[in-house]
Amino acid sequence: MSEQDLQGLRERIEGVDGQIVRLLSERAMVSEAIGRLKETAGLPVYDPTREALLLGQIEALAVGPLTREALREIYREILSASRALQAPMRVLFLGPAASFSHQAALGHFGRQIAAEPKATILEVFDGLERGQGAWGIAPVENSTEGSVKATLDRLITTPLAIRTEIFLRVRHCLMAAAESLEGIHRVYSHPQALAQCQGWLRTNLPGRQLVEVASTAGAAARLKEDAEGAAVASALAAETYGLNLLAEGIEDNPANTTRFFVLGPKPGANGPQATGRDKTSILFGTSHAPGSLHKALEPFAAAGINLMRIESYPLRERMWEYLFFADFAGHVEEEQARACLEELARRTAFLKVLGSYPRGEETP
């Protein structure tokens, strides 16, 4: 290829870029107009159902060479910028900054949000319930460690609803102020992260002191005071604290994934609508009698509804009695699901619908 050919292609790129910027500006003006209408109607800026449908439509337009995944990531930031034009968006998450919950929030909402860290999951719920933010992120289960008890505890009593879910592949990285593994004497991280990377650490940093701290992001922050230390944390932590990434993907189980709930106010009478690819989370209690759980689950089998998850949860005040958390495929607005829940209510002592929402994209 000649220099003239290369210059010609660059000029084509510049022309296309000009068109893209003009169209993005046009889209932004339309988005501002939508924001004014939403404000007048008292509608929220963020609508997870609408955005899930929109992203699905965008992916369907993919003809290459850009992949569907690439288009989704590009449009996630476009949507984030559009929301920011309509109104500031405050999202509460389990901190500190650069935690995996923070990473999940940025990956779902985009970077044009006011992300506010909270010290505990309980503070995330408390802040939302007191109006400190409209949306929140809470981890609910991990493929390696199981369910997150603090989240399940608050779902029992909270007036908030689950509005969508996020699946985040937990990708651990080794980072340090140093530029190589030489001279690393200590490795800081949360106990679970150290346990999840023990094979790599034994092989590549044998005999080094492992120091347990409260969070992976806190481990990264600790390196400001320890030039001979390293941390196991996310790539976002390395970016946030100005550290060198010495190794990526050091977890022993490459399928390690955490599921998060996006929490927010219960939707109004007109929403959310079904997308055709939805999930509903419920909480129910049965009488303390033989066969009561089997009886409660019969309506799902009779309706042919896929029960995707069920977990027993002990009641604190009643020894050996349990509530059950369950997820099923479908939406409360669908006739089949609605009829199933009505029958379930007749067969149980207690039933709470935690939310119907678009299914998250599970990481392969």
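**Reading packing and aromatic pairs**

Guide: Phe325 has a relative accessibility of 2%, and therefore counts as buried, the cut-off being under 20%. Please keep in mind that this model is predicted.

Visitor: Which residue forms an aromatic pair with Phe325, and how is the pair arranged?

Guide: A pair of aromatic rings is described by the distance of the centres and the angle of the planes. Here the partner of Phe325 is Tyr313, with 5.6 Å from centre to centre and 90° between the planes, an edge-to-face arrangement. Tyr313 belongs to strand E13 (residues 307–314) and Phe325 to strand E14, so the pair ties together parts 12 residues apart in sequence. Tyr313 is buried as well, because its relative accessibility is 7%.

Visitor: How many aromatic pairs does a search of the whole structure find?

Guide: The search of the whole structure gives 6 aromatic pairs. In one of them, the ring centres of Phe284 and Phe324 lie 5.5 Å apart and the planes meet at 25°, so this pair is stacked. Phe284 sits in strand E12 (residues 278–285) and Phe324 in strand E14 (residues 322–329); the pair thus links distant parts of the chain, 40 residues apart.

Visitor: Are Phe284 and Phe324 buried or exposed?

Guide: Phe284 counts as buried, with a relative accessibility of 0%. Phe324 is also buried, at a relative accessible area of 11%. Elsewhere, ring pairs join Tyr46, Phe109 and Trp135 into a cluster.

Visitor: How do helices H3 and H4 pack?

Guide: Two packed helices are described by the angle between their axes and the distance between the axes. For helix H3 (residues 68–86) and helix H4 (residues 100–109), the angle is about 85° and the axes are 7 Å apart. The two helices are therefore roughly perpendicular to each other.

Visitor: Which residues meet where H3 and H4 are in contact?

Guide: From H3 come Arg76, Glu77, Ser80 and Arg83, and from H4 come Leu106, Gly107, His108 and Phe109. The residues of this contact divide into 2 nonpolar, 3 polar and 3 charged.

Visitor: Where is Ser99 found, and what does it touch?

Guide: Ser99 is in the loop between strand E1 (90–94) and H4. With a relative accessible area of 7%, Ser99 is buried. Leaving aside residues up to four places away in sequence, Ser99 touches Phe93, Leu94 and Ala217. The C-alpha atom of Ser99 is separated by 27 Å from that of Arg68, 31 residues apart along the chain.

Key. Residues numbered from 1 in each chain as written. Predicted model: local features only at pLDDT ≥ 70, side-chain atom pairs only at ≥ 80, totals over all residues. Heavy atoms only, no water. Axes fitted to C-alpha atoms, helices over the stretch in contact; angles between N-to-C directions. Helix = DSSP H or I, 4+ residues; strand = E, 2+ residues; numbered from the N terminus. Parallel < 35°, antiparallel > 145°, perpendicular 65-115°, else oblique. Contact = heavy atoms within 4.5 Å. Nonpolar A, V, L, I, M, F, W, Y, C, P; charged D, E, K, R; others polar. Phe/Tyr/Trp six-rings, centres within 6.5 Å; stacked < 30°, edge-to-face > 60°. Buried < 20%, exposed > 50% of the residue type's maximum accessible area, 1.4 Å probe, protein only.
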